[in-house]
Amino acid sequence: MAEIPIRAFLVSLVALRETADGVQVLLLRRTQSLAGEWCQVAGSIEKGETAWWAALRELKEETRLTPTKFYSADICEQFYEAHRNAITIAPVFVAYVEQGEVVLNEEHSEFRWVSFELAREMVPFPGQRRILSHIEAYFVLSEPSKWLEIDFSSWSS
């Protein structure tokens, strides 16, 4: 019997900002893998990092934003990669950020702050839409559990 490997080496982060019109989601247009697609912040966990530390680093590298509040989303992004014959699982994090300027790195060509409804239309995968709906329900339409908040005061960018 053959087995499909399960890989957990990535993190995913949904950045949110509060506006007069409601909470908006940050989407980034990718230039490398998945070129041209709109996605949330994501990246690899480096040696010696925790998943939450990697998520904060990726947010900083990809956007130069720093969160005011930071949470485990209590959900994982998961997908099958046919070229690797593997299942990838990535913990998801939520970062509330201020209205600061987004400065993109070379991995992205543009960004947009959008509503959850529009974000679900823009992302390419059903799993991303499921994650956005989960985050909207548990981090926007209701108060997130205090047990999911991560104290990132020890994190240094």
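Student: Is E110 buried or exposed, or something in between?
Tutor: This is a predicted model, and in it E110 counts as partly exposed, because its relative accessibility is 32%.

Student: Which residue does E110 pair up with in a salt bridge?
Tutor: That's R29, with the closest N and O atoms 3.1 Å apart. E110 sits in strand β8 (residues 108–114) and R29 in strand β3 (residues 22–30), so the pair ties together parts that are 81 residues apart in sequence.

Student: And how accessible is R29?
Tutor: R29 has 27% relative accessibility, so R29 counts as partly exposed too.

Student: Why do side chains like that pair at all?
Tutor: Side chains with opposite charges can pair when their charged atoms come close.

Student: Okay, switching to helices. What does R57 meet in a salt bridge?
Tutor: R57 meets E61, at 3.2 Å from N to O. Both lie in helix α1 (residues 51–63), 4 residues apart, which is about one turn of the helix.

Student: Is R57 buried or exposed?
Tutor: Buried, because R57 has 11% relative accessibility and the cut-off for buried is under 20%. E61, at 37%, counts as partly exposed.

Student: What about R120, what's its partner?
Tutor: R120 forms a salt bridge with E136, and their closest N and O atoms are 2.9 Å apart. R120 is in helix α2 (residues 116–122) and E136 in helix α3 (residues 126–140), so this pair ties together parts 16 residues apart in sequence.

Student: How many salt bridges does the structure hold?
Tutor: It holds 8.

Notes: Residues numbered from 1 in each chain as written. Predicted model: local features only at pLDDT ≥ 70, side-chain atom pairs only at ≥ 80, totals over all residues. Heavy atoms only, no water. Salt bridge = Lys/Arg side-chain N within 4 Å of Asp/Glu carboxyl O. Helix = DSSP H or I, 4+ residues; strand = E, 2+ residues; numbered from the N terminus. Buried < 20%, exposed > 50% of the residue type's maximum accessible area, 1.4 Å probe, protein only.
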